Each structure stands twice: as structure tokens, then as C-alpha cells.
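Please look over the sequence and the structure shown here before turning to the briefing that follows. The points are grouped by topic.

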Amino acid sequence: MPEIPDEKFDALVIGGGITGCGTARDAAMRGLKVALIERDDFASGTSGRSSRLVHGGIRYLEHGQLHLVRESIREREILLRIAPHLVKTLAFTWPIYRGARVGKLKLGAGLFMYRLMALGKSRGHSSLNAKETLEREPSLSSTGLTGSAVYYDACTDDARLTIANAIAAEQSGAFVASHTRVAGIIRDGGKAIGVIVAPQHSGETQEIRARVLVDATGVWQNELTGAARGQRHRGSKGVHVAVPRERVGNRDAITMISEVDGRVMFCLPAGPQTIIGTTDTWTDDAPENVHASRSDIDYLLRSANAYFPRARLSIDDVISAWAGIRPLIGGQSNNPTAVSREHSITVDDAGIIHVTGGKLTTYRSMAAEIVDRVQRALGETVRRATTDSVELPGTDRAGEISKLQRDDSRLSDPLVPELPYTGAHLVYGITREKALSLGDLLIRRTHLAFETRDHGKSVAARAAAMVAPVLDWDEQTKSARVREFDQEIGRMFAISAE
């Protein structure tokens with residue numbers, strides 16, 4: 001961990017997911033003295049296990065969540081503008097089959113409202129007949145197909161979007177540290193005035209003092225606050241699988257309605273792979289140990305096979321499967337899909353600001369609301385930062401990686417054949433993207449662990465040798481870091497029987 005400045009911060013943000021990193025960036029851009037602490041790596045929780053979509057939330061129209069749809073569309077357009085290197089427009093085809101729960105009229109009305117709420121700031125949609133649909137997506141089932149709608153949302157690299165916000169916060173003056181656990185909250189007369197932190201791989205503890213604490217730990221909030229089981233925030237598990245794209249045959253993104261339970265879900269293009277997701281089930285699993293089960297995978301494959309019958313996907317086709325937990329507010333419903341994806345900001349008796357819920361797409365506006373609360377708690381006049389117009393860092397990433405490869409040819413060889421990742425990606429991840437471990441590099445700065453059947457296990461030792469000079473690892477440390485990586489991928493990509 002970098003040396004903590006010997007000063008009292010205005011705000012201490014606990015949690016380095018998209019909400020915490022976005023909050024730290026916003027607060028730092030307002031001129032506040034900010035510290036951001038993350039127990040593991042930035043985006044190592046839910047923020048790095050999403051569907052990788054920045055979307056307006058067309059499916060939320062069905063539940064009448066018009067405010068969330070309007071906010072999501074606005075934020076999607078902002079992110080396309082401030083992070084063009086991370087957020088890209090993506091075409092979706094929504095096939096319509098005879099007898100489907102969402103038919104042509106209902107879908108057309110929803111897309112018309114979607115377009116209307118975008119106020120003309122996004123691309124329009126189009127309607128196709130069955131023949132045109134199969135010309136566009138020839139691998140779709142033709143049985144009962146009556147047509148489709150084509151509309152546009154956006155996709156992203158969720159982990160790197162999160163990390164870009166952490167870097168932007170640091171560039172604006174914030175103190176930023178990952179792999180640093182909060183071991184306790186310091187209180188004075190019942191009010192929280194700081195935390196005791198314990199950096200990973202160190203027996204030492206240090207204090208960080210702040211005038212306001214922000215809890216952005218999401219599904220880890222129960223652990224931070226010590227909530228009793230009956231008071232715990234409920235979480236919804238979302239599982240995704242990656243399969244070879246050539247087996248599915250989708251050209252763009254496909255919006256599906258599961259034949260199993262009628263949920264809206266997606267087949268998404270991801271280079272040579274297709275990502276299928278997601279599930280939505282209540283879980284009591286610990287967030288650090290949540291993973292996919294056979295029943296989760298069977299559900300996803302059965303849903304996809306109904307749309308792509310020639311694929312005949314089975315568990316043997318699954319390259320990787322992973323799960324994240326959504327921190328939802330008001331989780332009293334038996335059906336988590338019906339629970340709003342909006343967020344809640346509360347202040348406890350100790351003065352800690354807690355944020356729960358929300359979604360990746362709306363993180364920036366959520367962060368602005370949180371920092372408004374911080375400024376009010378500080379007795380300051382609220383003054384919004386220009387987070388909607390200042391570009392996020394990382395636009396030079398491809399060029400810098402190419403330069404590393406030119407300067408040292410040893411860094412230009414692929415780590416895995418047919419994947420684009422090289423030693424230069426690892427070095428860049430350390431020197432420019434705050435990576436400190438093999439998991440940081442192979443799971444989040446690259447997606448190598450998602451895109452290989454062994455999740456990077458076979459290249460971990462070689463990767464450790466490449467980065468050891470940069471991170472000052474000796475032989476014993478390299479071996480320890482490889483073992484830690486094996487444990488991390490075991491937790492994240494395991495598939496349980498139930």
C-alpha cells in the first residue's frame with residue numbers, strides 16, 4: 001500500500017467497486033481531500049462480474065421503472081462520450097416468436113417509449129420480418145419466428161471502467177489503495193471518525209482519519225457493519241457462462257426470453273466467445289465465495305438452445321462460468337427480477353453514509369448524489385463536478401502497450417495462442433492500472449481467466465516471472481503469488497453440484 005498521508009481527509013470511501021471508485025473521482029474533482037480503500041482489487045466483486053453492458057434498461061419498462069430507464073439512457077450517452085475507449089455501441093436483435101410473452105405490438109410500444117425517453121440522443125430501432133431476421137442472424141431458430149426488432153445499447157469492459165475511475169480519482173488528488181482491509185472503525189462519542197486498515201501481506205495496521213465515511217462496499221456491507229443475519233441486505237445472484245461463439249453463431253447481441261421462466265436475458269458477443277446471462281435468484285452465499293451451480297448453467301444453456309437449436313450447447317461447451325451478487329434494496333419479493341435496480345443512500349447513527357443497490361450504468365449519477373450528501377455533512381455548499389464531460393483515462397492504452405512491445409520483444413509474445421494478451425499487457429497493468437497480483441492481471445486487467453478453460457492456471461508461473469522484476473518479487477514470493485492466484489480462480493470459477 002502506498003504511504004498514507006499524515007492528514008485528515010474530508011471523505012473516506014470504503015469499497016473499490018464501480019460505486020466507490022466513481023464516488024472517489026467525483027469527490028476529488030470537487031476539491032475534497034479523499035481516500036479510497038479497497039480490500040481486494042478494484043472491481044474484484046460484483047463490478048467485475050457483470051453482463052458488461054451499459055444499457056438503457058429496456059426490460060425495466062415492463063416493471064414500470066420509468067425513472068430508472070430515463071436515468072440509464074442519459075448515463076449511457078454520457079459514458080459513450082467520456083469513455084469511448086471503454087464503452088462501445090452494441091446492436092441488439094430481439095427475435096419475436098409466435099405466442100411469446102412479449103409480442104410484436106408490446107415490444108414495438110416499448111421501443112417507441114425507449115426512443116422517446118432518449119430525446120433523440122440515441123440511435124433508433126427498426127422492425128424486421130422473419131426473412132430479414134434470419135438474414136441478420138442466420139443461426140436463430142426459424143420455427144415460429146414472426147420477425148424481430150433491432151435496437152442499440154452499449155457494452156463495456158466492466159473491470160477496466162471501474163479501474164479508470166480509481167485512476168481518475170488519484171489523478172485528481174485522491175489517495176487510492178487496493179488490497180487493504182478495513183480492520184475496524186474508529187469512533188469518538190459514537191461518531192465514526194476513521195478506520196484502522198491492514199494492508200495485505202503485512203502484519204502492520206495504520207489509521208486513516210476522515211470527517212465523513214462513505215460505505216460503498218455493496219454486498220459486503222453486512223460484513224463492514226456487523227449486521228445480524230436477520231438484518232442482512234439480501235443479494236441476488238447473477239450467473240454468466242462463456243461458450244465458443246462459433247457454436248452459437250450469433251453475430252451481434254441477442255435479447256432472449258427464457259423458455260424456462262420468462263426472464264429477459266442475453267447472448268452477447270465477446271470476441272471469440274458468446275456470453276450467456278444472466279440468472280436472477282436470491283442467495284445467502286458469501287460474496288467472495290459465490291459461484292455458479294450446475295442448475296444455474298443448465299438454465300442458461302437450455303434458454304440459449306431454445307433460440308439456437310443447432311448449437312446443442314452442453315456443459316462441455318462451457319469455457320468459464322462465474323457469478324456476482326447484486327445488492328438490491330427492498331428485497332422482500334420472492335422474485336428478485338421484480339425488485340427495483342434503483343439505489344438507496346442512508347446515514348446511520350455513527351454518521352456513516354451507506355449506499356445500496358444501483359447498477360453499473362448509473363454509477364456516475366449515483367456517485368454525484370453520494371458526494372452531495374458528503375458536502376452537506378461537511379457543512380459545505382453543494383457544487384457539482386464536471387464528471388459528465390471530463391474524459392476517463394486510458395485512451396492511450398493500446399499505443400502504450402504497443403510501445404512496450406517494440407521496446408522489449410520479449411513482451412510481444414502471446415500469453416496464450418489465439419488470444420491478444422502479451423507480457424506488455426501485464427507490465428502496463430502494473431505500471432499504469434494499479435495491478436498488484438496475478439488475479440488483478442489475468443482476471444481484471446485482461447480477461448484471460450474468463451477466456452481459457454483452465455482460467456490462466458497454465459500461464460500463471462510464466463506471468464509471475466514476467467512481472468517479478470516490476471513488482472520486486474523474489475522466488476519465494478513468486479511461488480506464493482501463483483498459489484494465491486490458483487485459490488482465487490478456484491473460488492471464482494468453480495461449478496458446484498447444487
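Is Tyr151 buried or exposed? Tyr151 has a relative accessible area of 2% and is therefore buried, where buried means under 20% relative accessible area, exposed over 50% and partly exposed in between, with a 1.4 Å probe and protein chains only.

The model is predicted, so that local features need pLDDT of at least 70 and side-chain atom pairs count only at pLDDT 80 or more, while totals for chains, interfaces and linings use all residues. Residues are numbered from 1 along each chain as its sequence is written, and side-chain values use heavy atoms, with hydrogens and water left out.

**Aromatic pairs**

- Rings of Phe, Tyr and Trp (its six-membered ring) pair if their centres lie within 6.5 Å, and planes under 30 degrees apart count as stacked, over 60 as edge-to-face and the rest as tilted; by this rule there are seven aromatic pairs.
- Phe92 and Tyr151 are stacked, because their ring centres are 5.2 Å apart and their planes stand at 20°.
- This pair links distant parts of the chain, 59 residues apart, with Phe92 in strand β4 (residues 87-97) and Tyr151 in strand β6 (residues 145-156); helices (H or I, at least four residues) and strands (E, at least two) are DSSP runs numbered from the N terminus.
- Phe92 counts as buried at 1% relative accessibility.
- Tyr97 and Tyr307 form an edge-to-face pair, 5.5 Å centre to centre with 85° between the planes, and this pair joins strand β4 to helix α8 (residues 294-307) across 210 residues.
- Both Tyr97 and Tyr307 are buried.
- One aromatic cluster is formed by Phe92, Tyr114, Tyr151 and Phe266.

**Helix packing**

- The axes of helix α11 (residues 423-433) and helix α12 (residues 438-445) come within 10 Å and cross at roughly 105°, the axes being lines fitted to C-alpha atoms over the stretch in contact, with angles from 0 to 180 degrees between N-to-C directions.
- The two helices α11 and α12 are therefore roughly perpendicular, a term for angles of 65 to 115 degrees, with those under 35 roughly parallel, over 145 roughly antiparallel and the rest oblique.
- Leu426, Gly429, Ile430 and Glu433 of α11 make the contact (heavy atoms within 4.5 Å) with Leu441, Leu442 and Arg445 of α12.

**Surroundings of Ile78**

- Ile78 lies in helix α2 (residues 66-82) and is buried, with a relative accessible area of 7%.
- Apart from neighbours within four places in sequence, Ile78 is in contact with Arg364 and Asp388.
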